Amino acid sequence: MNAGGSGDFDDIAKRFEALWQALQYNGTVKRETDETTMLIDRVRDALDKGLSRLNENNREFIANSFTMEERVHVSARTEIYRIRHRDLQTNHALKTLHPDHADDEIARRLLLREAHIALPLKHDNLHAPQMMLRLDDGRPALIFEWAESSLSQRLSDGSFSATEIGQAMDALLSGLTFLHSRHLIHCDLAPDNLLLSGGELASLKIADFGFALGAGQQHSDLDIGFAGHTEFLAPEQRDRAPLNMRTDLYACGLIMRLMLERCSDTDASVSRMAALATRLARENPADRPDSANSALKTLRGIVV
């Protein structure tokens, strides 16, 4: 197909409109047969693919419902794309295996395990997958709600008010309280894995459950030697010891400290939040709050 002048597009539009009308109507009576519906879908596919060759070479379709927009993140084993629903025109995120790991049994098992763990999780502060499907090449893929940014990006953008820090930590500890009530430890809390919708800190959601464990488990149980963002790992993770719910609180303390370092306010609530951050990030797990819910109650007593 040649990308010529506007006359070419006008001719394509007229031809497609005539074909559409022929498919939709027989004289003045509308036809609703399976064959007609199938043919309409195929014509729409052909038109979409033709236009994509004119505008964005080789656009890929997923499950005949989504179009690949761009790759937004790549890690050692996985990659994440922004995708768009063809009919609803809504953005979503797709997480799948990196092509180099398409046949990696451990990577595949971890992604399937994440689906089993996270699909049932329903909470405003958890970024759980909406569905799972298979790509044409056989790779499993998870579909998520699209989030425009992360706390990591927000940290690099500038300062925080005490109110914003309170909102972010309330959302984080609320999501964590729910996760822990399901007897799950996240094990990889870090600014990259805390997503924001519209840049609002109150909308913060915990993402990426690929390394989540049950209490008392170790990552070696999953054939993983080491997991998580190393700079946010609790001492017991670094020592490869059995973990418990307090493990996640250590990362919460470090994340809270990072935000407080960028806080321009000087009121009493800031120093009290700093004390809470210090307690959350104690080296000895026994010196941390006994639960995320306990830490949440303390926080709400500070920022009322």
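Me: Which strands make up the open sheet of three, and in what order?
Reply: In this predicted model, the order is E9-E11-E12, and the pairing is antiparallel.

Me: Which strands stand at the edges?
Reply: Strand E9 (149–150) and strand E12 (205–206) do. Each has a single partner strand, so one side of each is left without a neighbour in the sheet.

Me: How many bridges join E11 to E12?
Reply: Two bridges join E12 to strand E11, which covers residues 194–196. Leu195 has Lys205 in E12 as its bridge partner.

Me: OK, on to E5. Is it enclosed or open?
Reply: Strand E5 (residues 78–85) has six of its eight residues buried, so it is largely enclosed by the rest of the structure.

Me: What does E5 pair with?
Reply: Strand E4 (residues 66–74) pairs with E5 in the antiparallel sense over seven bridges. E6 also pairs with E5, antiparallel and over seven bridges.

Me: And Glu79, what does it stand opposite in E6?
Reply: Thr96. Glu79 is also the bridge partner of Val74.

Me: How many residues lie between the strands in those hairpins?
Reply: The hairpin of E4 and E5 has three residues between them. In the hairpin of E5 and E6 there are five, and Gln89 takes a positive phi near 60° there.

Me: Switching to helices. Which residues of H3 are buried?
Reply: Ala107, Arg108, Leu110, Leu111, Arg113, Glu114, Ala115, Ile117 and Ala118 are buried.

Me: What do they pack against?
Reply: Strands, namely E6 (91–97), E7 (131–134), E8 (140–145), E10 (184–185) and E13 (213–214).

Me: Why does the span of H3 agree with what a helix should give?
Reply: H3 has 14 residues (105–118), and at 1.5 Å a residue these should span 20 Å. The end C-alpha atoms are 20 Å apart, which agrees.

Me: What happens at the start of H3?
Reply: A side-chain oxygen of Asp104 comes to within 3.0 Å of the backbone nitrogen of Ile106.

Me: Are Cys187 and Cys263 buried or exposed?
Reply: Cys187 is buried, at a relative accessible area of 3%. Cys263 has 15% relative accessibility and counts as buried, because the cut-off is under 20%.

Me: Last one, the whole chain. How many helices and strands?
Reply: Nine helices and 13 strands. The protein chain has 304 residues, of which 44% count as buried.

How values were computed:
Residues are numbered from 1 along each chain as its sequence is written. This is a predicted model: local features need pLDDT of at least 70, side-chain atom pairs count only at pLDDT 80 or more; totals for chains, interfaces and linings use all residues. Side-chain values use heavy atoms; hydrogens and water are left out. Helices (H or I, at least four residues) and strands (E, at least two) are DSSP runs, numbered from the N terminus. The expected span of a helix is 1.5 Å times one less than its number of residues. Buried means under 20% relative accessible area, exposed over 50%, partly exposed in between (1.4 Å probe, protein chains only). Contact means heavy atoms within 4.5 Å. A polar contact is a pair of N or O atoms within 3.5 Å; within protein, one must be able to donate a hydrogen and the other to accept it, and residues adjacent in sequence count only if both atoms are side-chain atoms. Two strands pair if DSSP finds at least two bridges between them.
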